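Visitor: Could you walk me through this model? I would like each term set against its definition.

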Amino acid sequence: MTYDVAIVGTGPAGLSAALTLKLHNKEILWLGSAVGSDKIEKSEKIANYPGVPMVGGSELNRIFRKQAEELGIQITEKKVTNIAALDDKFMLLADNDMYEARSLLLATGIPAAKGMENEERLLGSGVSYCATCDGFLYKEKRIAVYCTDSRMAHDIDYLEEIASKLYVYTNFGYSSDSPKIEILNKPIIKLGGEMKADSVELSDGRRLDVDGVFILRPTIAPSTLFSGLELEGAHIKVDKNQETSYKGCFAAGDCTGRPYQIAKAVGEGSVAAHAILEYLSESDKGSAHAE
Ligand SMILES: Cc1cc2nc3c(=O)[nH]c(=O)nc-3n(C[C@H](O)[C@H](O)[C@H](O)COP(=O)(O)OP(=O)(O)OC[C@H]3O[C@@H](n4cnc5c(N)ncnc54)[C@H](O)[C@@H]3O)c2cc1C
């Protein structure tokens, strides 16, 4: 099926847009973590979000989830690893599934970490963000995994079944008895290889020869997620309607720039939702004329 809108990111920007779009009876595909915002979950106390006095981050996420559930808005718990524009539609690859939507809202927040050296150049050439999509390419091969999202620990287990040797760096204390796994105490900071990734370098200078590298972070840089999207520094460039350089593709929240605040994310999500409604209505009128 073709959704009216695909929303990538279940933080406050995505939620705010989802609420408005749902109230206008749009078919929404809402992709991201079932918890909601990872950032809010980590916040100890939030004192500046209007209407909810001094609240713990986890509690605010619970309130946000409840509001979505009450309107019957479902989260599809998947990570989007690639987006492409095709004619007047957007194709999204999330884990192993493809989705199609008439419009798109990027509400992905900002990646906590900078990419590794050579990561962008070697992505798709021995470097992958999706274990279940690309793991089979590395059967009986040496794989390095850099994982900073504890919800993706099962992907490491999956790669362990496939690989002949697995080097694993995590920031959340992953452990395993498997003789195939070597846990790395230092992070991978650089990828090596000309046409294809063939090694990784750790922060202590140690180099490991590998056949493939899996980078599993909660958020992917917008330029990598949707190639060709116009940026302003690390942020997605938008106009006053939150529309990006791609017609029909909108962005809201931290991914469009500072201040990184919940109230700003919610406001931009709302502006984007109204612009998306306008866009869908214009596109319906265009199709009616063409018939
Ligand atoms: C420790 C801490 C304390 C904070 N305290 C406050 C405060 O007191 N007040 C305040 O106003 N702000 C605070 N903030 C900032 C606030 O959390 C952010 O500004 C806000 O959450 C941004 O909302 P967002 O929807 O843009 O992005 P996020 O909340 O970051 O949500 C984006 C979501 O998208 C998901 N996602 C990203 N990429 C993908 C993908 N490819 N596929 C699927 N899902 C994806 C992520 O997993 C994430 O859950 C704090 C932040 C931190 C880290």
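Guide: Start at the end of a helix. Asn25 follows H1 and has a positive phi, near 60°. Helices are DSSP runs of H or I with at least four residues, strands are runs of E with at least two, and both are numbered from the N terminus. This is a predicted model: local features need pLDDT of at least 70, side-chain atom pairs count only at pLDDT 80 or more, and totals for chains, interfaces and linings use all residues. Residue numbers start from 1 along each chain as its sequence is written.

Visitor: What makes H1 largely enclosed by the rest of the structure?

Guide: A residue is buried if 20 or more other C-beta atoms, placed from the backbone, lie within 10 Å of its own; 12 or fewer means exposed, and in between means partly exposed. Nine of the 12 residues of H1 are buried, so the helix is largely enclosed. Among them are Pro12, Leu15 and Leu21.

Visitor: Why are S7 and S13 called paired?

Guide: Pairing takes at least two DSSP bridges between two strands. S7 (residues 142–147) and S13 (residues 212–216) have five, in the parallel sense. In one of these, Ala144 partners Val213 of S13.

Visitor: What is the order of the strands in the open sheet?

Guide: The order is S6-S13-S7-S8-S9, with parallel pairing. S6 and S9 each have a single partner strand, so one side of each is left without a neighbour in the sheet.
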